[in-house]
Amino acid sequence: MEDPPLPQHDEFIRTVRYYCMETVLNKGNGETERGFNAPSSWQDNFITFKSLAFNRRWFDGVVYEVHSTKNSVTFGMHRPLDSKFITEIDREGGSVQDYANSNEDHDRLLANATAVAVKEISGRIVVAVAQSNGQQSPTHKAVERLFEKIFAPLDSPSNYHWEARGIIEDVDVEKLSKADGVTMLEGSFIAQPDAMISLGPMQNILDTIGNAVGYEVEVKMKLQIKPSKSSDPGPKNMLSLVWDARRTNQFTGKKIPKVEVATAEGTEILELAQHKFATKAYLDVNDVIGVNFSSLLNKVMEELDNNTERIESILARPQRN
């Protein structure tokens with residue numbers, strides 16, 4: 001019988017997503033308030049959890065396995081496969097049959113797993129999360145549930161809960177900050193009726209349109225400065241308008257906002273879309289590391305270590321709510 005094709009290279013690549021863990025007031029407990037500071041001696045809480053009996057580390061359908069060293073914490077989140085109606089392929093015999101161990105009480109279970117690395121960066125707890133099998137593996141929501149178990153009884157009042165907040169990175173923001181001016185702005189914006197006229201020319205335009213139409217509309221807009229002398233204030237004024245639009249989160253439409261910036265070297269088109277920071281973990285099947293979950297745990301911790309400075313830089317800027 002002909003062997004199935006070899007796995008594709010992308011089967012050994014996993015996306016690592018990064019989150020800041022924060023405490024948030026539950027609804028009904030006053031104004032929204034976010035706490036970003038890492039709990040004191042947070043690693044001790046993981047060590048305590050690690051020592052719990054196996055059945056106390058299995059809740060909400062996920063088994064948590066903590067691996068802690070002096071300088072780092074990693075843990076696996078394992079969701080057992082539902083074996084009902086699963087079949088078993090016998091390659092040698094050339095047949096397909098019911099999975100032999102499909103009863104619910106057998107002792108050894110297969111699971112979809114997720115690797116998580118934890119580190120304190122800029123006074124915050126940052127977690128790096130890599131799912132082994134897409135959405136079938138536990139997500140960052142399972143990390144939140146673990147933090148509720150580990151920290152809520154000890155470090156957070158009962159009216160708080162934990163959230164994993166994606167770390168938002170601005171594309172090309174560094175180049176924009178160094179630009180002498182902007183000669184073109186293109187993007188889409190949401191205009192709403194009954195909006196209060198606010199400070200800022202861009203928002204005033206949107207509010208006027210929303211009130212005139214009387215219904216929420218998406219406005220696609222392109223502003224282009226006509227050729228002018230380098231001493232004209234237009235490009236600098238347009239740059240201020242762009243920063244104001246970013247600061248007040250006015251780029252809310254589907255179109256990725258773009259600007260043309262003027263620099264000493266000439267002009268360049270920049271995209272101003274924000275996205276959740278993520279990297280790739282590469283596991284080569286021929287490496288000595290091998291392709292297994294323990295290797296993924298190591299790779300995720302390695303990615304978190306390698307990107308610590310970058311994360312520090314991102315966290316130093318205001319984060320989108």
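Student: Which residues does F277 touch, not counting residues up to four places away in sequence?

Tutor: Look for F277 in the loop between β16 (274–276) and β17 (278–282); helices (H or I, at least four residues) and strands (E, at least two) are DSSP runs, numbered from the N terminus. A contact means heavy atoms within 4.5 Å. With residues up to four places away set aside, F277 touches V16, R17, Y18, I167, E169, N307, R310, I311 and I314.

Student: Before we go on, what is left out of the side-chain values?

Tutor: This is a predicted model, where local features need pLDDT of at least 70 and side-chain atom pairs count only at pLDDT 80 or more, while totals for chains, interfaces and linings use all residues. Residues are numbered from 1 along each chain as its sequence is written, and side-chain values use heavy atoms, leaving out hydrogens and water.

Student: Is F277 buried or exposed?

Tutor: We compare its relative accessible area with the cut-offs: under 20% is buried, over 50% is exposed, and in between is partly exposed (1.4 Å probe, protein chains only). The relative accessible area of F277 is 1%, so F277 is buried.

Student: How many Å apart in space are F277 and G166, C-alpha to C-alpha?

Tutor: Along the chain, 111 residues separate F277 from G166. In space, their C-alpha to C-alpha distance is 7.4 Å.

Student: How far apart are the end C-alpha atoms of helix α6?

Tutor: Helix α6 covers residues 293–306, which is 14 residues. The expected span is 1.5 Å times one less than the number of residues, so α6 should span 20 Å. The model agrees, with end C-alpha atoms apart by 20 Å.

Student: Which residue caps the N-terminal end of α6?

Tutor: Look for a polar contact: a pair of N or O atoms within 3.5 Å, where, within protein, one must be able to donate a hydrogen and the other to accept it, and residues adjacent in sequence count only if both atoms are side-chain atoms. Here the backbone nitrogen of S294 lies 3.3 Å from a side-chain oxygen, and the capping residue is N292.

Student: Which residue forms a salt bridge with D305?

Tutor: A salt bridge puts a side-chain nitrogen of Lys or Arg within 4 Å of a carboxyl oxygen of Asp or Glu, and the count comes to five. For D305, the N to O distance is 2.9 Å and the partner is K119. D305 lies in α6 and its partner in strand β8 (residues 111–121), so the pair ties together parts that are 186 residues apart in sequence.

Student: In which helix do E144 and K141 both lie?

Tutor: The side chains of E144 and K141 meet in a salt bridge at 3.6 Å, N to O. An α-helix has 3.6 residues a turn, so residues three or four places apart point the same way. E144 and K141 are three residues apart, about one turn, in helix α2 (residues 140–155).

Student: Which backbone oxygen does the side chain of R57 reach?

Tutor: R57 sits in the loop between α1 (42–50) and β3 (58–59), and its relative accessible area of 9% makes R57 buried. R57 forms a salt bridge with E65, the closest N and O atoms being 2.8 Å apart. At 3.2 Å, the R57 side chain also reaches the backbone oxygen of L52.
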